[in-house]
Amino acid sequence: MSDPIVPIPGADALLAQADALHDDDPARALELLRAIEVTALDAAKLGRLSFLLDHVTGEKFGLWDEAVDGLRKVVARAGAEVTPLILRHAAIAAHMVTDDALAHEWTQALAASADAPLDKARALVALGTVQFSLGRLPAEAAGRHALHALRPLGDLLEAPGSGLDAAFGAVTNNIASELLERPLPDLAQPDLRDALARAAGLAQRFWEHAGTWVNHERARYLSAMVANALGDGDAGVAHAQAGLALLDEFDVDHGQAVDRAFLELELAAGLRLAGRPGRPEALARALALASRFGQPWLDRWFSDRQTRNEALAAHYGRS
């Protein structure tokens, strides 16, 4: 038996640095990812590396061949302990470089590792390729591609083998989040609007199958944001209230105060769009909770959501 691999802190530190700045400074993140010695990385961190190889190396820079090379090393490093998360990102990268044999190999391994049907694994990989492609597409093409990947998913909700349902919840959530932040004029494009609504609805349904109450609550938050982005304030209110009701029922120790602040913010936005009373009170509750965040990144995130909701209100004539 070979000696166990002892993780070198330097590899873990490089990954942590890349992860922390991959959206703010993707070029630096790419440099850091290239410097990581995969064999020296803590095995528990291989899943995160697999995501960053797809998201940074592939999605942001179009270097999918390089991403595949990195993922070969990740899969080899994981060995018999390879996870569905790693295999999903590996299969996506292989699909992006049109290496059909490798994509099939890794998709089969994904299905086996999750005890799921191969068709379900194929659909998840196809969905993932769309997730990592949307940012480079104009509104109509983004909506059309997303719809194509989302359409078969309703049937898969009831298909045997639930081992990938949480992954479907995460990927449909990510697709909705990506479409949600498109420029405001894009929200008028019919296919994009349909894809946005479907992605959020499917995320909610998959999380209901496979998630915890926190997943259910956050799916409601996503649905509230999507409804408000589409100008449906009444639906935004209903989803925000459903999310807040889950917090009232389950968050007995108030550990999800951040989630409550953002749900109150979306409730205020929905009430404004719908022309209903209660917006000032909801906004005041959101601001009071946000004043206790104490973390700059959360403050920025909250401020960005406020700014976006103001822009949506103006967009739909509710300023």
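Author: A friendly word before we start: Ala, Val, Leu, Ile, Met, Phe, Trp, Tyr, Cys and Pro count as nonpolar, Asp, Glu, Lys and Arg as charged, and the others, Gly among them, as polar. The model above is predicted.

Reader: Thanks! How many charged residues are in the lining of the second largest pocket?

Author: About 220 Å³ of space lies in this second largest pocket. Its lining has 13 residues, and Leu33, Arg34, Ile36, Gly70 and Lys73 are the closest to its centre. By class, six of the lining residues are nonpolar and two are polar, while the charged ones number five.

Reader: Which element gives the most to the lining of that second largest pocket?

Author: Two or more lining residues come from each of α2 (26–35), α3 and α4 (64–78). With four residues, the one that gives the most is α4.

Reader: And which residues are closest to the centre of the largest pocket?

Author: The largest pocket holds about 1,800 Å³ of space. It is lined by 40 residues, and the closest to its centre are Asp23, Asn173, Asn174, Ser177 and Trp301.

Reader: Now for a helix: what covers the buried residues of α11?

Author: Helix α11 runs over residues 190–210 and reaches 30 Å from its first C-alpha to its last. Its buried residues include Leu192, Ala195, Leu196, Ala199 and Ala200. In an α-helix, residues three or four places apart point the same way, because there are 3.6 residues a turn. The cover over the buried residues of α11 includes α8 (139–150), α9 (153–156), α10, α12 and α13 (233–250).

Key. Residues are numbered from 1 along each chain as its sequence is written. This is a predicted model: local features need pLDDT of at least 70, side-chain atom pairs count only at pLDDT 80 or more; totals for chains, interfaces and linings use all residues. Side-chain values use heavy atoms; hydrogens and water are left out. On a 1 Å grid over the protein atoms alone, a cavity is a set of points where a 1.4 Å probe fits but cannot get out, and a pocket is an open set with protein on both sides within 12 Å along at least five of seven lines; lining residues have an atom within 4 Å of a point. Grid points are joined across faces, edges and corners, and a volume is the space filled by probe spheres set on the points. The expected span of a helix is 1.5 Å times one less than its number of residues. Buried means under 20% relative accessible area, exposed over 50%, partly exposed in between (1.4 Å probe, protein chains only). Contact means heavy atoms within 4.5 Å.
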